[in-house]
Structures are given as structure tokens and as C-alpha cells.
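Please find below my notes on the model that you sent. They are set out as numbered points.

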Amino acid sequence: MKDQVLRWHVYADPSELLAEAEAVVKQAATEAVERRGRFDLVLAGGSTPRGLYERLAVAGAGGLGWHIWFGDERCLGANDPERNETMARQAWLDQSGIPAGQIHGIPPIRDTEAAAATYSALLAGLGDFDLVLLGIGEDGHTASLFPGDETGQTVASTDALPVFDAPKPPPQRVSLSADRLSRSRQVIVLATGRGKSDAITRWRRGDDLPIGRITPRSGIDVFADREAVPG
Ligand code: 6PG
């Protein structure tokens, strides 16, 4: 397994953390658009990322060169409130200036394998992402890569994997593979609250968790609040 490089940033509370994450997204976007004419951003699901999207909406972030991707999705019908895309649209995307055709959702179909295959095909021509946002679950999962499941750590793996038995509902999901999530110029993990502290302890001591399998060349910046980081 490739080594994982982690940089820890611990904030007094979630709002300080989200302010910093907002600044990082805006900075990464400015640099990417200046250098390459586009900004490829991967969104996470979950409550902590939602707070970031709400801040980005207030800040009026998002513009013509932005392309939005999803690290994982729950296999439910279009606009289902439990879908990560629905959450991100309501919190931010629908009021951003990002062109509709540049919001690349995972297909809202219940056929998990077909959704994963379609998304892999869509990603096939794309190089490295600019910024991947990830959350972490209480069991050490990230995106929809759960402990004990195939996490797709090698380049031979498909970019998007079907997930059939996720312990966090709903069971059917699509997740980008660990290898695809690692192919990014920057990766940030957002972790807030006491509920994350066991997973973080296990991650830091090197237990084999899905979050430990994300290995971007430039390392990972972990933005955590004090409650999430024991000691
Ligand atoms: C999902 C996620 C998942 C999430 C973590 C953290 O679809 O559920 O993408 O990986 O990011 O479980 O979620 P919370 O911030 O809500 O704890």
C-alpha cells in the first residue's frame, strides 16, 4: 500500500474550520482557473460538508470554469432529499453561477452497477481533479468506501464502484474508488464532533480503514475540530 501523508489542522470549533475550508476552496479555484481554465471539484456528502456548501452559497462562490463531481452518491431517484447531489444543490449549487452542464451528478437510477459504469465512463477522459473534499464516518469510511468492502486502490480498478450493502443507509450506493479519489492535486478531509474521535484515533495509529487508503501525491490536509481530535 502507498504511504499516506497527513497534515493535521485542528480548529477550536466547526465555524472556524468551515471558514478555513471555504478559503481553501476559493483559493484552489482561482489557481486552477488561472492555470488550466477550469476547476474540477469533488464534493462529499454528510453534515459537515453541507455547512461548507452553505458558506460557499453565501460567498457567491462558483463560476463559469467550475466543474462539480461527486465522491459518492446514494442510489435513489432524482431529487430524493437523501441524495448527496440534492443536498449540495439545495445548499449551494442551484444558486451558484456554475453552468448546469458542469454539475456532473452520478446518475439517479436504482441500478447501482449501471450508475457506476456510466460515471466511470464520464470520468474516463478527465485527468487529475483539482480538489477532493471528503468526510469521515464513525467506522472510518470515506465517500461510500466502507470497512471490509473493495475500495479500489489500484489504477486497474474502475473509477466508480457499485456498493450494495453499505452499513449507513441507504445500502445501495456508488463511490469513487480510493485510486480515483487519490488522483487529485489537493485532498481535504473534514471532521467535526466527538462522534468522529474513535475513527480518528484508529486512523492516526495506522489501523487499516478506508480513509487510510486515500493516497494523493501531495498528501491530505485534515481539517478537524477539537472535539474530533482526542487529546
Ligand atoms: C455519505 C458520505 C459519507 C460522509 C461521512 C461523514 O454519503 O454519507 O459521503 O462518506 O461524508 O459519513 O458524514 P457526516 O459529516 O454527516 O458525519
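1. Ser-120 touches Thr-158, Asp-159 and Ala-160 when residues up to four places away in sequence are not counted. Such a contact means heavy atoms within 4.5 Å. Ser-120 sits in helix 4, which spans residues 112-123. Helices here are DSSP runs of H or I with at least four residues, strands are runs of E with at least two, and both are numbered from the N terminus. With a relative accessible area of 14%, Ser-120 is buried. Buried means under 20% relative accessible area, exposed means over 50%, and partly exposed is in between, using a 1.4 Å probe and protein chains only. From Ser-120 to Asp-165 there are 45 residues in sequence and 20 Å in space, C-alpha to C-alpha.

2. On the basis of the model: it is predicted, so to speak of local features requires pLDDT of at least 70, side-chain atom pairs count only at pLDDT 80 or more, and totals for chains, interfaces and linings use all residues. Residues are numbered from 1 along each chain as its sequence is written, and side-chain values use heavy atoms, with hydrogens and water left out.3. The protein has 6 helices and 9 strands. Along the principal axes, the C-alpha atoms fill a box of roughly 45 × 35 × 35 Å.

3. How much of the protein is buried? Of its 231 residues, 55% count as buried. The protein exposes about 10000 Å², and carbon and sulfur atoms supply 49% of this area. Accessible areas come from the Shrake-Rupley method with a 1.4 Å probe, and for residues only the protein chains shown count as cover. Among contacts between residues at least 6 apart in sequence, 79% join residues at least 24 apart.

4. The ligand has 17 residues around it, and Ser-47, Arg-74, His-141, Ala-143 and Lys-196 come nearest. A residue is near a molecule or strand if one of its heavy atoms lies within 4 Å of it. The shell divides into 3 nonpolar, 9 polar and 5 charged residues. In this division Ala, Val, Leu, Ile, Met, Phe, Trp, Tyr, Cys and Pro are nonpolar, Asp, Glu, Lys and Arg are charged, and the others, Gly among them, are polar. Helix 2 (47-58) and strand 4 (72-74) each supply at least two residues of the shell. The largest share, 3 residues, comes from helix 2.

5. Which atoms of the protein lie beside oxygen atoms of the ligand? A backbone N or O atom of Gly-45 is 2.8 Å from a ligand oxygen, and a polar backbone atom of Thr-48 is 3.2 Å from a ligand oxygen. In Asp-72, an N or O atom of the side chain is 2.8 Å from an oxygen atom of the ligand. The protein covers 91% of the 420 Å² of accessible area that the ligand has on its own.

6. Ala-143, listed above among the nearest residues to the ligand, is in the loop between strand 5 (131-135) and strand 6. Ala-143 counts as buried because its relative accessibility is 14%. Its phi is near 45°, a positive value in a residue other than glycine.

7. Asn-79 also has a positive phi in a residue other than glycine, near 65°. Asn-79 lies in the loop between strand 4 and helix 3. Is Asn-79 buried or exposed? At 62% relative accessibility, Asn-79 counts as exposed.

8. Helix 3 (residues 84-91) is mostly covered, with 6 of its 8 residues buried. The buried residues are Asn-84, Glu-85, Thr-86, Met-87, Ala-88 and Ala-91. Their cover includes strand 2 (39-43), helix 2, strand 3 (66-70) and strand 4.

9. Ser-182 lies in helix 5 (residues 178-182) and is buried, with a relative accessible area of 9%. Its side chain reaches the backbone oxygen of Ala-178 at 2.6 Å and the backbone nitrogen of Thr-215 at 2.8 Å. A polar contact is a pair of N or O atoms within 3.5 Å; within protein, one must be able to donate a hydrogen and the other to accept it, and residues adjacent in sequence count only if both atoms are side-chain atoms. Leaving out residues up to four places away in sequence, Ser-182 touches Arg-213, Ile-214, Thr-215 and Pro-216.

10. The peptide bond from Pro-169 to Pro-170 is cis, with omega near -5°. Pro-170 is in the loop between strand 6 (160-163) and strand 7 (173-176).
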